[in-house]
Amino acid sequence: MASRSEFGESTTATEVASTFSEHIKGKTILIVGVSPQSLGEHIAVSTARHSPSHLLLASRTPSKISTVISQINTISPTLKVTPTTIDLSSQTSIRSAAKEILSLAPKLDILINNAAVNVQTYQETEQGIEMHFGTNHIGLFLLTNLLLPSIIAASTSSKPGETRIVNLTSAGHRLSPVRFSDYNFKKAIEDLPEEERPPPGLPEKLMPGKGETYNTFLAYGQSKTANILFSGSLNKELGERGVRTYAVHPGSIWTGLARNLDEEGQELIKKTGKFWKTGDQGAAGTLVAAFDPALNEVPAGGYYMADCQVAEAAPSAIDEGIAKKLWSLSEELVDEKFDLKSL
């Protein structure tokens with residue numbers, strides 16, 4: 001659990017930021033995935049009120065970052081805020097942005113990987129990877145690893161556990177394990193190994209239709225499972241270096257991700273949430289994961305969070321053997337090895 005037992009589904013990012021104001025002050029923070037009316041905006045604005053030393057905001061669309069920066073400037077006119085353009089579906093863009101960020105922030109205290117896509121039809125990244133997996137996981141895997149020199153540099157001059165990486169995931173991870181034999185969704189479900197199939201009993205809308213192999217909900221779920229597995233790997237390898245990583249399910253929020261769905265998909269999603277959060281409430285858990293010092297006392301396995309508290313993820317999302325397998329596949333898909341012990 002977090003330090004505040006009263007924190008829950010209705011807690012706001014505004015409240016959390018005020019509670020942990022002293023832990024925000026003076027930090028260099030990168031938020032990936034910032035645009036108007038998004039979780040990234042609420043995370044950025046809430047954080048900006050409490051005197052970080054440098055706020056870096058990354059998005060695919062410069063004009064969207066500019067809109068958020070204008071809002072921040074009215075709140076904290078003297079705060080150093082730097083925009084960075086990045087397209088997580090392009091490994092070329094990621095490598096270019098990482099070089100820029102490393103030069104701007106030689107020490108990076110907090111990395112918040114908030115960006116994600118949710119597309120309705122089958123699409124692939126520039127590297128031929130299914131869009132959800134290639135952007136939501138592989139893109140963030142590459143970016144995070146490239147930024148680790150700055151993250152490790154920050155951890156060496158901070159108290160253990162103050163340097164953190166927060167990966168936004170989803171309860172939707174329960175829809176699909178990682179399909180190592182078919183991460184691009186080319187096979188029928190019956191042709192998958194048992195451990196790679198979706199759990200039984202899912203609604204028909206969440207399964208491929210007759211003669212189809214692709215389903216956007218399952219593909220999104222696979223990418224969110226990968227986010228949690230990646231967080232576990234980072235914790236295992238970097239925990240002793242003073243870096244903690246958390247995978248946060250923000251809850252049911254009507255953001256751009258949900259609005260991208262068709263009418264039938266939107267109706268289905270509306271039924272899955274018992275409590276629909278505002279953007280301020282949806283951003284709260286991310287700030288707990290980023291700044292609550294009490295999380296340093298949570299055992300290393302407690303890195304999945306929901307409603308501002310440590311929670312229980314699906315077994316396929318926290319298995320160390322699966323996490324190692326995913327790390328190897330991810331290195332293969334970015335054509336680069338990352339040895340965290342050598343940092």
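## Cavity, strands and pocket

Modeller: Leu88, Ser89, Ser90, Gln91, Ile94, Thr125, Gln127, Ile129, Gly134, Ile138 and Gly139 line the largest cavity. On a 1 Å grid over the protein atoms alone, a cavity is a set of points where a 1.4 Å probe fits but cannot get out, while a pocket is an open set with protein on both sides within 12 Å along at least five of seven lines; a lining residue has an atom within 4 Å of a point. Before going on: this is a predicted model, where local features need pLDDT of at least 70 and side-chain atom pairs pLDDT 80 or more, while totals for chains, interfaces and linings use all residues. Residues are numbered from 1 along each chain as its sequence is written, and side-chain values use heavy atoms, without hydrogens or water.

Colleague: OK. How much space lies in that largest cavity?

Modeller: About 40 Å³, where a volume is the space filled by probe spheres set on the grid points, joined across faces, edges and corners. The structure holds one cavity of 30 Å³ or more.

Colleague: Which element gives the most to the lining of the largest cavity?

Modeller: α6 does, with three residues. Both α5 (91-104) and α6 (131-155) supply at least two. Helices here are DSSP runs of H or I with at least four residues, strands are runs of E with at least two, and both are numbered from the N terminus.

Colleague: And by class, what is in the lining of the largest cavity?

Modeller: Four nonpolar residues, seven polar and no charged. Ala, Val, Leu, Ile, Met, Phe, Trp, Tyr, Cys and Pro count as nonpolar, Asp, Glu, Lys and Arg as charged, and the others, Gly among them, as polar.

Colleague: Which strands does β5 pair with?

Modeller: β5 runs parallel to β4 (110-113) over four bridges, and six bridges join β5 to β6 (243-249), again in parallel. Pairing needs at least two DSSP bridges between the strands. On the β6 side, leucine 168 stands opposite valine 248.

Colleague: What hand does the β5, α7 and β6 unit have?

Modeller: That β-α-β unit is right-handed: with the strands pointing away from the viewer, the path from the first strand over the helix to the second runs clockwise.

Colleague: What does asparagine 113 touch with its side chain?

Modeller: Asparagine 113 sits in β4 and counts as buried because its relative accessibility is 0%. Its side chain makes a polar contact of 2.9 Å with the side chain of asparagine 167, and another of 3.0 Å with that of threonine 144. A polar contact is a pair of N or O atoms within 3.5 Å; within protein, one must be able to donate a hydrogen and the other to accept it, and residues adjacent in sequence count only if both atoms are side-chain atoms. Asparagine 113 also stands opposite asparagine 167 in the strand pairing.

Colleague: Then lysine 277. Buried or exposed?

Modeller: Lysine 277 is in β8 (276-277), and it counts as buried because its relative accessible area is 9%. A polar atom of its side chain lies 3.0 Å from the backbone oxygen of proline 250.

Colleague: Helices now. Why is α3 largely enclosed?

Modeller: Nine of the ten residues in α3 (39-48) are buried, so the rest of the structure largely encloses this helix. Glu41 is among the buried ones. At the start of α3, a side-chain oxygen of serine 38 comes within 3.2 Å of the backbone nitrogen of glycine 40. Helix α11 (284-291) is mostly covered too, with eight of eight residues buried.

Colleague: Last one: what is in the second largest pocket?

Modeller: About 370 Å³ of space. The pocket has 19 lining residues, and Gly232, Ser233, Lys236, Glu237 and Ala323 are the closest to its centre. α7 (216-238) and α12 (320-334) are the elements that give two or more residues, with α7 giving the most, six. By class, that lining has eight nonpolar, four polar and seven charged residues.

Terms used. Buried means under 20% relative accessible area, exposed over 50%, partly exposed in between (1.4 Å probe, protein chains only).
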